[in-house]
Amino acid sequence: MIHIRNASQVVTVSGASAAPKRGKEMEQLDIIEGGGVVIEEGVIVFVGEEEEAGKYVELHGGNGKEVTVIPAEGKIVTPGLIDPHTHLVFAGSREFELNLRLQGASYMDILNAGGGILHSTLQTREADEEQLLMEAGKRLDRFLTHGVTTIEAKSGYGLRLEDELKQLRVARTLDSTHPVDVVSTFMGAHAVPAEYKHDPEAYVRSVIEDMIPVVAQAGLAEFCDVFCEEGVFTVEQSRRILQAGREQGLKPKIHADEIVPFGGAELAAEVGAVSADHLLHASEAGIRAMARSGVIAVLLPGTAFFLMAKPADARAMIAAGVPVALSTDRNPGSSPTESLPFMMNLACLTMRMTPAEVLTACTINAAHAIGRGDRIGSIEVGKQADLVLFDAPNYMYLQYHYAVNLVDTVIKKGRPVYEQSAHQFRPTQS
């Protein structure tokens with residue numbers, strides 16, 4: 001039994017396990033001042049005021065049970081942070097692109113010149129699984145130090161069957177060996193590879209006919225994603241890919257309206273996507289359609305920041321009733337960061353989301369964006385004990401004291417797996 005004792009605030013973000021929070025609900029954090037949390041066998045068994053938590057431990061901690069006390073005076077306790085959109089597994093990096101962008105080259109200019117995703121594809125194809133595992137594992141370690149306890153990881157840097165499978169196998173290995181849970185998404189439709197440059201339709205057929213059935217049969221992914229964008233995959237091609245994935249049991253996600261208004265938000269609503277991501281140029285009609293269909297908007301403020309672009313209109317989406325989640329979009333080109341807390345800072349400072357909204361977006365709403373809202377994302381009795389202790393007097397301080405890692409302790413499935421004071425990781429136990 002673990003007793004987290006006397007926290008300045010326990011920020012539960014409770015009451016939304018059945019569906020994500022929308023509109024004004026995103027401001028409702030259900031905070032317990034001077035709170036305590038009790039954990040047993042990896043599950044939250046009590047959350048409430050410290051006096052009552054102490055009584056619970058006294059009543060149920062007998063019969064030889066060992067009780068580990070984690071003092072939390074001067075700290076806040078939140079649900080473990082959840083990152084619902086990353087490209088975790090790839091080889092190499094692309095820091096050379098920064099100078100190109102500073103000289104005025106756009107994302108699509110770099111991609112069309114053989115850089116961008118295609119450059120990472122070459123490096124990922126050349127790497128074996130051991131190298132990919134090592135590089136992705138280091139990234140996952142950094143995510144953990146920033147309070148992330150669950151992450152989504154997309155393929156999409158192989159762009160041929162054997163290399164897409166290689167990425168997904170690495171993600172599965174990390175899920176089973178690393179403290180952070182990894183949820184996998186197949187994204188063979190991330191770009192048209194060089195060998196199909198003059199026949200992109202043939203590549204679409206390959207994704208549908210050759211890749212999706214094998215990925216689904218092997219059980220290597222839960223979701224299917226596509227980059228629906230001008231110069232990448234058309235709305236019609238994206239629809240076919242997502243429908244093919246659904247037929248094989250892969251739930252649809254979509255990279256939508258990132259570079260130009262393209263109808264991606266509308267398509268997300270049409271196909272019933274779990275989430276539509278990016279949305280920098282989503283139309284008003286697309287936003288309304290997402291709200292009606294319950295599509296979660298996964299916004300990526302770090303990508304807009306790094307590309308020096310105007311961010312997505314979070315305020316319009318929240319006002320329209322679209323559930324909003326946030327993510328790093330960790331990738332080698334447009335958002336090379338593992339700091340989800342910094343994305344929360346950016347969401348406040350560049351998209352005018354409130355501190356309460358961003359915490360909701362990175363916990364319970366992010367959990368729903370990867371189909372985990374019933375088990376993680378809030379501090380409630382019966383849920384998995386994924387928690388973060390922050391060295392902060394209240395939740396608003398997390399966004400006020402920006403660009404600083406305030407994580408003190410990370411608890412995963414009821415076990416402390418990272419402690420800032422010790423500067424060390426504890427090994428995972430099966």
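1. A quick definition to start with: Ala, Val, Leu, Ile, Met, Phe, Trp, Tyr, Cys and Pro count as nonpolar, Asp, Glu, Lys and Arg as charged, and the others, with Gly among them, as polar. On that basis, the lining of the largest cavity has four nonpolar, seven polar and three charged residues. Please keep in mind that this is a predicted model.

2. Now the cavities themselves. Searching the whole structure gives two cavities of 30 Å³ or more. The largest has a volume of about 100 Å³, and 14 residues line it. Nearest its centre lie H87, Y107, H190, N331 and S334.

3. In an unreviewed entry, UniProt lists H85, H87, H255 and D329 under "binding site". These residues are spread over 245 residues of sequence, yet they cluster in space, with a largest C-alpha distance of 12.3 Å. The lining of the largest cavity includes H85, H87, H255 and D329.

4. Let's take H85 from that list. H85 sits in the loop between strand 6 (81–83) and helix 2. Buried means under 20% relative accessible area, so H85, at 0% relative accessibility, counts as buried. Beyond four places away in sequence, the residues that H85 touches include E152, K154, H255, D277, H278 and D329.

5. The loop between strand 13 and helix 13 (340–351) holds D329, which counts as buried because its relative accessibility is 1%. Leaving aside neighbours within four places in sequence, D329 is in contact with D83, H85, T86, H87, H278, L300, T303, S334 and S335. With T303 there is also a side-chain polar contact of 2.9 Å.

6. On to the second largest cavity, whose volume is about 50 Å³. Its lining consists of R94, E97, R101, Y107, I110, L111, G116, L307 and G333. Helix 2 (97–102) and helix 3 (107–112) are the elements that give two or more residues to this lining; helix 3 supplies the largest share, three residues. By class, the lining of the second largest cavity divides into four nonpolar, two polar and three charged residues.

7. Finally, a look at strand 13 (residues 324–326), where V324 is found. V324 counts as buried because its relative accessibility is 0%. Not counting residues up to four places away in sequence, V324 touches M26, A297, L299, M317, I318, M353, A361 and N365. The C-alpha atoms of V324 and P20 are 8.4 Å apart, although 304 residues separate V324 and P20 along the chain.

Note on methods
Residues are numbered from 1 along each chain as its sequence is written. This is a predicted model: local features need pLDDT of at least 70, side-chain atom pairs count only at pLDDT 80 or more; totals for chains, interfaces and linings use all residues. Side-chain values use heavy atoms; hydrogens and water are left out. Helices (H or I, at least four residues) and strands (E, at least two) are DSSP runs, numbered from the N terminus. Buried means under 20% relative accessible area, exposed over 50%, partly exposed in between (1.4 Å probe, protein chains only). Contact means heavy atoms within 4.5 Å. On a 1 Å grid over the protein atoms alone, a cavity is a set of points where a 1.4 Å probe fits but cannot get out, and a pocket is an open set with protein on both sides within 12 Å along at least five of seven lines; lining residues have an atom within 4 Å of a point. Grid points are joined across faces, edges and corners, and a volume is the space filled by probe spheres set on the points. UniProt positions are given in the numbering used here, feature names are shortened, and annotations may be inferred rather than shown by experiment. A polar contact is a pair of N or O atoms within 3.5 Å; within protein, one must be able to donate a hydrogen and the other to accept it, and residues adjacent in sequence count only if both atoms are side-chain atoms.
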